Amino acid sequence: MDGALQGRPVEAARFVALGRLRVPGLTLALAALAIILATISFLIGPAQIDAGDLFAGLFASHGTATIIAREIRLPRALLALVVGAALGASGAALQGLFRNPLADPGVTGVTSSAGFGAVVAMYFGLAVVNPILLPACAIAGALATSSILYFLSRSGAERTALILAGAAIASFATAMTALAMSLAPNPYAMSEMMRWMMGSLKDSTLNDLALAVPPIALGIALLWSCARGLDALTLGEEAAQSLGVDVHGIRRRVVIGVALATGAATAAAGAVSFVGLVVPHLLRPFYGYVPARLIWPSALGGAALVSAADIAVRLIAPDGQLLVGVMTAMLGAPFFIWLILRMRRGA
Amino acid sequence: MALALENVSARYGERVVLHDASAAFVAGRVTGIVGPNGAGKTTLLRVALGLVAVDSGSVQILGRDLRECSCEFLARSIAYLPQEGAAQWPVPVRRVVALGRMPHTSFFAPQDHGGDAAVAEALDRCDVAQFAARRLDELSAGERARVLLARALATQAKVLLVDEPAAHLDPAHQLRLMELLRGEALRGVAIGITLHDLSLASRYCDDIAVLHDGRVIGQGAPREVLSDAALATVFGIAAIRAGGPGADAIVPWSRL
């Protein structure tokens with residue numbers, strides 16, 4: 001048989017011309033999917049309101065529909081998109097940087113540390129002093145962990161060692177979160193703990209959205225600026241350096257970008273896990289395994305996945321007892337184990 | 001002189017790995033670097049690439065001092081094929097080779113004029129154009145080595161440094177790779193190559209620099225520097241020689 005025919009398809013994504021831009025069709029489809037899911041998310045909720053009334057409410061100046069549309073449904077739907085985009089892009093960049101398909105903000109403990117930072121800000125009154133301190137503390141927590149990972153990888157830690165270190169950091173951060181909440185001078189702290197540990201988009205406000213968007217946008221932009229460097233890193237660090245890539249600079253930018261995006265996402269929605277693991281991994285074959293091409297599709301895919309999970313929790317448990325992070329973990333954890341088994345078979 | 005190291009010393013932390021080492025790489029010639037494990041062969045290449053800081057001495061690249069070279073100039077002037085060659089992700093071959101154009105492109109201008117032609121030429125020259133659409137992990141080790149060489153050639157640099165390209169390859173692929181490198185030298189590229197296989201070094205190099213304990217103890221024609229006495233001092237071996245046309249086959253035979 002002809003050798004070329006035996007090969008599996010390399011780049012399944014077809015290109016679509018958008019003016020002068022050539023965008024893979026799959027990326028457009030992901031964007032469309034995210035928008036459709038966000039619209040559905042906007043339309044469902046405990047209050048039974050007509051879709052027409054809800055959309056009209058968005059543009060009206062007063063009324064029940066306006067309050068529900070603007071203050072409850074819209075922030076929740078948009079925050080799901082933003083949080084998912086942050087986690088998806090972070091996962092794609094971390095996997096590219098560490099050249100490790102198991103890397104993800106959740107698995108490496110970045111999300112848990114961000115959650116710890118957010119809890120400290122929330123329950124020790126910092127967030128009351130200035131609302132910006134909430135995402136700031138979460139970003140600081142995320143940065144602490146991503147910096148540890150950075151130094152570990154710089155000293156040549158193997159990929160299994162990185163994941164193990166991440167697991168240790170994650171349980172430490174979770175324990176610290178629990179400790180902080182037991183010590184917090186707030187009677188409702190314990191009942192709120194699960195929200196921070198598992199993530200939830202319930203009761204999101206426009207204010208949460210306004211605080212989350214700037215750091216996440218900056219974070220994703222930083223990650224995008226590393227795309228070329230991540231491509232070169234495919235060949236190994238020395239080859240990348242010989243191609244003129246500032247490898248240390250790339251590492252620093254990814255670490256800061258992931259901390260900004262994941263930290264702000266966690267401050268808004270708690271620790272939503274496994275999104276950054278699952279999405280880049282599923283999309284990778286369609287983008288020829290090229291790290292640079294994965295950042296945006298992973299952001300869009302993450303946005304779609306978190307929106308879908310947030311729709312699912314409301315359909316399964318309309319009383320709001322099911323958290324979105326529980327949903328992503330139920331999907332993600334088995335996926336993680338399957339991935340490890342597959343990698344072992346590959347090796 | 002395309003690349004010259006003059007009395008270079010370099011170290012990793014406290015450990016000095018190069019002492020006063022001098023070596024020259026000339027356009028159109030293949031210069032071999034031989035020596036036992038840990039003699040400093042790879043370090044010598046890394047110093048030339050600016051990956052290891054020079055303690056004392058100087059490095060000249062295309063007539064410029066390394067310390068005054070911009071990162072872009074270095075990346076465009078010297079292509080490097082490290083030993084740990086395998087790519088982490090199963091990227092399509094054409095995309096791997098196109099990475100060689102990175103020194104000529106930027107974030108805002110991801111395509112350079114003539115880049116596609118350079119990639120196509122590199123694919124052609126290394127005889128891997130027929131695999132261009134396939135994934136790296138679907139190729140044999142020999143094919144993969146040629147793809148990675150094509151990546152280095154796509155840069156169209158004046159100097160090409162290659163670290164142990166022949167390790168892990170079967171004899172036919174070893175010869176093929178060395179022939180490809182000779183072909184590049186004919187096009188005027190200065191080639192520096194570290195080798196463990198003394199026969200390959202003797203057969204394909206115009207010039208050999210012999211490294212021992214971080215010192216270059218001689219650079220010259222293969223027959224001159226790979227003498228029995230040198231093999232005894234540097235490697236601690238005696239070898240059997242078979243005279244080929246213009247070059248010796250050197251088979252390590254016994255430890256001394």
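View 1. Helix α15 (residues 291–316) of chain A runs for 26 residues and spans 36 Å from its first C-alpha to its last, close to the 38 Å expected at 1.5 Å a residue (the expected span being 1.5 Å times one less than the number of residues). Helices here are DSSP runs of H or I with at least four residues, strands are E runs of at least two, and both are numbered from the N terminus. Look for A:Pro297, where a kink of about 30 degrees in α15(A) is centred; the bend at a residue is the angle between axes fitted to the seven residues ending there and the seven starting there. Most of α15(A) is covered, with 23 of its 26 residues buried. Buried means 20 or more other C-beta atoms within 10 Å of the residue's own, exposed means 12 or fewer, and partly exposed is in between, with C-beta atoms placed from the backbone.

This is a predicted model, so to speak of local features takes a pLDDT of at least 70 and side-chain atom pairs count only at pLDDT 80 or more, while totals for chains, interfaces and linings use all residues. Residues are numbered from 1 along each chain as its sequence is written, and chains are lettered from A and ligands numbered from 1 in the order in which they are written.

**View 2. A:Ile216 and its surroundings.** A:Ile216 sits in helix α10 (residues 206–225) of chain A. It is buried, with 27 other C-beta atoms within 10 Å. Leaving aside residues up to four places away in sequence, A:Ile216 touches A:Val82, A:Ala85, A:Ala86, A:Ala261, A:Ala264 and A:Ala265; contact means C-beta atoms, placed from the backbone, within 7 Å.

**View 3. The four-stranded sheet of chain B.** The strands of this open sheet come in the order β2-β1-β4-β5 (chain B), with antiparallel pairing; two strands pair if DSSP finds at least two bridges between them. β2 (15–25) and β5 (64–65) of chain B are at the edges with a single partner strand each, so one side of each has no neighbour in the sheet. Two bridges join strand β4 (residues 56–61) of chain B to β5(B), and B:Gln60 has B:Asp65 as its bridge partner in β5(B). Helix α1 (residues 41–48) of chain B lies across β1 (3–12), β2 and β4 of chain B, at about 115 degrees to β1(B). For such angles, axes are lines fitted to C-alpha atoms, for helices over the stretch in contact, and values run from 0 to 180 degrees between N-to-C directions.

**View 4. The six-stranded sheet of chain B.** Here the open sheet has the order β6-β7-β8-β3-β9-β10 (chain B), and the pairing is mixed. From one strand to the next, the twist averages 15 degrees. Strand β3 (residues 30–34) and strand β8 (residues 190–194) of chain B run parallel, joined by four bridges, and B:Thr31 stands opposite B:Gly192 in β8(B). Helix α6 (residues 171–186) of chain B packs on the sheet, touching β3, β7 and β8 of chain B. β9(B) and β10(B) make a hairpin with two residues between them, and B:Asp213 in the turn has a positive phi of about 50 degrees.

**View 5. Where the chains touch.** The contact takes 26 residues from chain B and 22 residues from chain A. On the chain B side, α2(B) gives the most, with four residues.

Definitions and conventions. Contact = placed C-beta atoms within 7 Å.
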